[in-house]
Amino acid sequence: MTECERIIKEGILPAEFFKEEIMCDFLVTEKRKKIWAVIIDMLFKFDSVCRKHNLRYYLSYGALLGAIRHHGVIPWDDDLDVNMPREDYEKLLNLKDEFNDPYFLQIPGEDPGYWFSHAMIRNSNTTGTAWGFCYQQFNHGIWLDIFPMDNCIPEKAEENWRKINELVMINSTNMRRSLPYPTERDVKRMKQYPNRDYREVLKELDETAQMFNNQETEYCIAATITPYPVNRMIYKWKDALDTIDYEYYGRKIKIPRNYDTILKTTYGDYMQFPPKESRGTWHAYAIFEPDVPYKECLKKIHEEDILKHQ
């Protein structure tokens, strides 16, 4: 039984959900719907664990944008993000046993070869990875991103953002060093960034992200990641922590009550769609197979690589 068959059988999503359709002038294929189903299922699992243990979180970034603008996943997106206050995030990391197969709570440095700067939930019976990392020996299932929120002093945020961005790039590059057939771009990156021990990098990154957690601040930031310019990532704690239940594919999930301020901070006029030609390009480098376990999928990729380079 595939994960999508299980999701239908358990009544998490109906069979009609998977039908190909055009949404906002974008063709949402059956395969993309399957990817959505897997990440929605993981979100529901995550939400249930958080409610059980009284952990705070909210749907964030493109996931929040999709919930408000599209009442679901953005038609051209393929992942979901959640933010958690650092205190709750650390508690979650001690709840690995709550995520039984096929769910897997992936923690930086604990899953061998996984050196990203934040935790994820993966579905082990699926494949969701990128070409540059597909030789690393970690769980490569389709994922749900979990970002910790730390205290922020806006005047000092830019300096920390630049340092963390450099550290993120170092470990991202180091995960490419396992590639037996790196591209010219990969080789260039390997020359650009030093080959430091991932544990040192993660330690320095976390220390930098949590630099202001020993004092009270009005502002917060998901400091361990750098997808946007720093001014678009800083929120007031009162806006981030005040959440409400929101209808999402037949369940209730958490979003900020003041989502308008959050979304305007990050996206400006967030109701405006991107140009048609740029829709669906965010994870164009990714490998998604919602019906195939990652171990099986990566074995085939590695075998094809060997044949291609003989």
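Student: Why is Ile225 called buried?

Tutor: Its relative accessible area is 9%, and buried means under 20%, exposed over 50% and partly exposed in between, with a 1.4 Å probe and protein chains only; Ile225 therefore counts as buried. The model is predicted, so local features need pLDDT of at least 70 and side-chain atom pairs count only at pLDDT 80 or more, whereas totals for chains, interfaces and linings use all residues. Residues are numbered from 1 along each chain as its sequence is written, and side-chain values use heavy atoms, with hydrogens and water left out.

Student: Where does Ile225 lie, and what is in contact with it?

Tutor: Ile225 lies in the loop between β9 (219–221) and β10 (235–236), where helices (H or I, at least four residues) and strands (E, at least two) are DSSP runs numbered from the N terminus. Leaving aside neighbours within four places in sequence, Ile225 is in contact (heavy atoms within 4.5 Å) with Tyr61, Ser117, His118, Phe147 and Met233. Ile225 and Ile170 are 55 residues apart in sequence and 13 Å apart in space, C-alpha to C-alpha.

Student: How do you know that the buried residues of α6 line one face of the helix?

Tutor: The buried residues of α6 (residues 184–192) are Asp186, Arg189 and Met190. Seen down the axis, they fall within an arc of 100°, so they line one face; the arc is that of the directions from the helix axis to the C-beta atoms. An α-helix has 3.6 residues a turn, so residues three or four places apart point the same way. What covers the buried residues of α6 includes α5 (154–174), while on the other side Glu184, Arg185, Lys188, Lys191 and Gln192 are exposed.

Student: How do you know that α4 also has its buried residues along one face?

Tutor: In α4 (residues 86–93), Arg86, Asp88, Tyr89, Leu92 and Leu93 are buried, and they fall within an arc of 160° down the axis, so they line one face. Their cover includes α2, β4 (80–85), β5 (103–106), β6 (119–123), β8 (142–152) and α7 (198–209).

Student: What makes a group of residues a nonpolar core, and which members of the largest one touch the most others?

Tutor: A nonpolar core is a set of buried Ala, Val, Leu, Ile, Met, Phe, Trp, Tyr and Cys residues joined through side-chain atoms within 4.5 Å. The largest holds 91 residues, of which Phe46, Leu59, Met84, Leu92, Ile146, Tyr248 and Ile253 touch the most other members. Helix α2 (residues 30–52) gives the most to this core, with 12 residues. A second, separate core of 8 residues includes Tyr135, Ile287, Tyr294 and Ile301.

Student: Why is one space called a cavity and another a pocket?

Tutor: On a 1 Å grid over the protein atoms alone, a cavity is a set of points where a 1.4 Å probe fits but cannot get out, whereas a pocket is an open set with protein on both sides within 12 Å along at least five of seven lines; lining residues have an atom within 4 Å of a point. The search finds 1 cavity of 30 Å³ or more, and the largest cavity has a volume of about 110 Å³. Among its 14 lining residues, Ala157, Asn160, Trp161, Ile221 and Ala223 are the closest to its centre. The second largest pocket holds about 240 Å³ of space; of its 17 lining residues, Leu93, Ile107, Pro108, Leu202 and Asp206 are the closest to its centre.

Technical notes. Grid points are joined across faces, edges and corners, and a volume is the space filled by probe spheres set on the points.
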